Each structure stands twice: as structure tokens, then as C-alpha cells.
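The paragraphs after it go from the whole chain to particular residues.

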Amino acid sequence: MSDWSQGQQRHGSGTRATRPIQALTMTVAVVFLLCALMASAQTNSTKLTFEVSFPSSVEKGALDGRVLLAISKQEKPEPRFAILEEEAKSQQLFGVDVNGLAPGASAVIDSTTLGYPLRSLDQLPAGDYYVQAVLNRYETFHRADGHVVKLPPEMGEGQQWNRKPGNLFSKPQKMHLDPSGGAVRIALTEKIPPIEPPKDTAYVKHLRIQSKLLSDFWGRPMYLGAIVVLPEGYEQHPEAHYPLLIEQGHFPADFSRFRTEMPAVKPGESEGERTRAAFGYELYQDWSSGRMPKMLLLLIQHANPYYDDSYAVNSANVGPYGDAITKELIPEVERRFRGIGQPWARALYGGSTGGWETLAEQIFYPDYFNGAWGFCPDPVDFHAYQAVNIYDDKNAYWHQGPFGRVPTAEMRDSKGDLLAVMEPAVRREEVIGTRGRSAEQFAIWQAVFSPVGEDGYPKPIWNFESGAIDPQVATYWRDHYDLVHIMERDWATLGPKLANKMHIAVGDMDTWYLNNGVHRMQDFLDSHANAYKVADFDYGPGQPHCYTGGPNLKPQERNGRLLQRIMPQVAEHMVQSAPKGADMSWRY
């Protein structure tokens, strides 16, 4: 036998001799590991958790959705109504997805559950709190693009998870919570009732149509609503046909600005409430006396599975709302209520979300509308997506330097003091609903502007955890929805069609930095290379969101008399730009 063989035998003999020692060592290690796991399990079992369930008496079948747990230091309003974007004033919220949650089964919220403003339940200080849970129900949609998605249906409330009919909730409970307090069981014993539809009045009519375009896209019946305010003399002048002024904005449950009687002073009523009521009575008097231009006023209801409003454009995720509004709803309103039905006799106005929609519809459908009064519009140029430049910035949450970084601002007051920064503001929405299902602001922008992701939900503009911006998604946003970029790109055809049609106002201390995008729009529209006078601009010095123009007016008067201010401008523009022989029967 060779030396090598002998060496192997010796090595082998030595290995066999040490195996009992190794086995003992492994046994000891396993014992220690099991003890550690048992200790961990005992620790976790004593940590604060919430087990949220619903009884079969409230709902008999299993449910999909998002269980939301609100924890508040105050009794009123109820915890579910106290989750604010202004982080320092918000109460606490946690959320967890549920799929097929059966009656009696529990959704568990523990230290791993994402929260806002505190990220984890472990960070909650011991103390007395008011606690309430809500189950925001999801339904399954089989879209025409082949994707199957679970989303919260709109139930007439304008996509508000804490008010949505059919959602389950618990009664607020006062309890002492401690991070080591063990399991807390909460039962969703209540269900939010259906909303009673508004009734027609002499001036205000309601209309609801099924949209073929939207129904085909979503794979189920989808509807558009309209609230139409008739002009004085409508019934007395059956031969008259009317121009259409369209108000864009968040979901309107009804037209509630009329006050048919001078409001009496109510105990505990604030000065602001009394002032608004007085302006409502003044508007009714001006309208019913015939002092206002004779127009149809249209408020559109286009809430959808992602938000209380569609942004009135065609979208890969939300659907063809732009076409549905212009090709289905508006023609039906004009047919039923004797609209003139010609482009010169249609105009738009709105603020914030409605301000963006007003400008976008005028730009995307330049031959269909004859004037856009857009106030404090959402980002019209994505170099100024609030305080984020999605093209040049690498990260939405942080301004990064070589050695330090500062958080990106999200919200301010009119003095410039910071009220919120980006990461917590975005996390708030993620807590309310993952995959862009929060029905909140960043979620709907992403749903409208983004391509469809592989999972069927909107492709994120940035990574939720890190804030890193996806440049490919940013390019898609630019080419499809950046209003300034679209005008620059298509100016040869758009310029003459938009001449004298756009009127824009914004506060120069807008709460969400929206004035930055408007300044960029003006830089383009007022440039020397631009041969067309398209827009006029009104910046309110020191004014927050939502400034509607009129620099010499007090804020309440500015907004309280908005229709009285702009309707004469709209009417005059229509008369001046109407084709020869146009129907002027509305000017009785």
C-alpha cells in the first residue's frame, strides 16, 4: 500500500473518531435553536397584534379587499375620518390585503404591517386610544386587455373608503394599548348603507347613462353621471337652444351651491359656513332672476375603480374616459336638454384636478371645445411634478448630494412652512391600498399616466420603498400626458386651434407647488418663437391652493362668486367666436 493510501486510512480513522463529538455539537446547536425559536414565539405572542374579523350576520360570503385599522388619540371625528396628508396632524393607520376572508376568520395586523405615520405597530407608545377598523371591499374586473384585477368599486360616494356603501366597519372603541399587550380582537359589526340618489328640482336635473366604451374596457356595465343645471326661462322658451359650460373636478354628489332661502344663523355655525350659505343664496337669486348668461351648466360624475374622477382622458389603466365623455355623455346631455351641440358653444372650467382636466381636454380635443378656464391645475409639466422632476431627478423622496441628502417637499402652507414630505405622503397611500388602489392622489396620477404593468395594475413611476424613479415610465408619461411637452411637440397643428382659448390662474404659494408647472407652461406659451396668443395667466401672490383668479378679491368672495365672474366671460367669448349664422336663441 502506498504512502498516499496509508495517509488516507489514517485520515479516515481520525474522522470516525471525531464523529460522536460532532454529533453532540450539532445536537446542542439544534437545542439552542429550538429554544431561541420558542422564546421568539413566546415574545411575539405577547406583542401587540390586532385580529380583525366579521360575523356571518353582517356578510355571509368571503370577501376580498383591504382591512384598515385606524388608531386615534381623539374621540371625534371617528378614527376612520382622521387620517390626514399633513403628517403631524394625522392619526395612525395600518393596512393589510385580504383575499377570500371568510366570516369568522381574522385579518392580522402586527409589527410587520406597514403603517402611517408610524411605520410599525412596535413604535406605538403605550396609552389610551380610540380604535376602529374598516374593510374596503374589492371586486374582480376582467378587463378587455386580458388582465384580471381586484379593485374597489365606486358605489356612489366618490371612492372614499371610509364612506363607501357596502364596506364593513367596527364601532370606535376606547382601549388601552401597550406594545406588549398581546392580541386585540375587533369585530366588523356594521355595514355602510347605500346612498339615496338626489332628486330633481326645477333647475337641477340628474342623468346616468351606461357607457359602451367603458363597459367594453372594464368587462362589465360602467356608467357616467351628469348633473345639469338649467337656465332661467328654460321651460318658457322651448324653442331656445343653449351653450354648454362644463365644470370639471372631483366627484360631485349633487349641485349643492343653491340656497333658495336666506340662511338663518345656526348655533355653533362658523363664519365660513355662514358666508358660504350667503353666497349660495346670492347665486340662486342671480340665476333665477335671469341675471346670469343663459347656459346649461354640466357637472360630470366619472368616478371609477381607481379614483373619484377619471381625469377625463383616455388611459391604459383607467379606460377611454376622454372619448366616453366627448362621444357619449356630452352629446346625450345636449340632446336631452336642447344644447346647441356645436364646438363654439362648449367651454370648460375647473380647479385642481378639474383645472388639469379643463386644460387637458382643450388640448386633447382642440376642435371640440371653445375655451378652458383652468384654476390651480395639477402638474401640467412633469419637470414640476409637484416638487419632483421625473426626468432629471433620480429619486422622488430625496435630493441627494455627495455626502448628504434632504427630503423632497410635498406640502406647504402659504408662508412656505413645510407640512409634508414625499416618502410619508406616498407611504400613506400604500397603507390605504397597495398596487395603486388607495383611490388617492399619487395613485390616480399613476393609474392615468402609466402603462399597464405585467400584473395588470399601473406600472409604478418610482419604487415605493426606495423612491428610485423609472426613466422608461417617465418617458411614457411625457409622451402621453405632459401637457407642455405635447403642446411643444404638436404645436404646428395645436397652436392655431388653441388661440385665445386658455385662461389659467394659480396661487404663487400653491400648497402642492403646482405653480411651478404653470410657470413652465407660460415660459413656452409666451416665448418669442410662439406665433399664437393662446393663454392668459393670473398668479396670486402668496395665495395657496386653490386660487381662482381675481387678485383684488378676498378669498371667500373670489370662490363664492366664481360662476358670476366667469360665465359672462365665457358667454362673451362664445358670441365673439361663433360662426356666422350661429344659433343665438339662448340670448333671450
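What percentage of the 588 residues in the chain is buried? Buried residues make up 52%, where buried means under 20% relative accessible area, exposed over 50%, and partly exposed in between (1.4 Å probe, protein chains only). This is a predicted model, in which local features need pLDDT of at least 70 and side-chain atom pairs count only at pLDDT 80 or more, while totals for chains, interfaces and linings use all residues. Residues are numbered from 1 along each chain as its sequence is written, and side-chain values use heavy atoms, with hydrogens and water left out.

The chain has 13 helices and 25 strands, taken as DSSP runs numbered from the N terminus (helices H or I, at least four residues; strands E, at least two). Its C-alpha atoms fill a box of roughly 115 × 60 × 50 Å along the principal axes.

The largest nonpolar core has 132 residues; such a core is a set of buried Ala, Val, Leu, Ile, Met, Phe, Trp, Tyr and Cys residues joined through side-chain atoms within 4.5 Å. Helix α13 (residues 562-577) gives the largest share of this core, 7 residues. Trp-462 and Met-521 have the most contacts inside the core. Beyond four places in sequence, the contacts of Met-521 (heavy atoms within 4.5 Å) include Val-380, Leu-483 and Phe-537.

The whole structure holds 1 disulfide, defined as a pair of cysteine sulfur atoms within 2.5 Å. It joins Cys-376 to Cys-546, with an S to S distance of 1.6 Å. The two cysteines are 170 residues apart, in the loops between β19 and β20 and between β25 and α12 respectively. Cys-376 counts as buried because its relative accessibility is 0%, whereas Cys-546, at 25%, counts as partly exposed.
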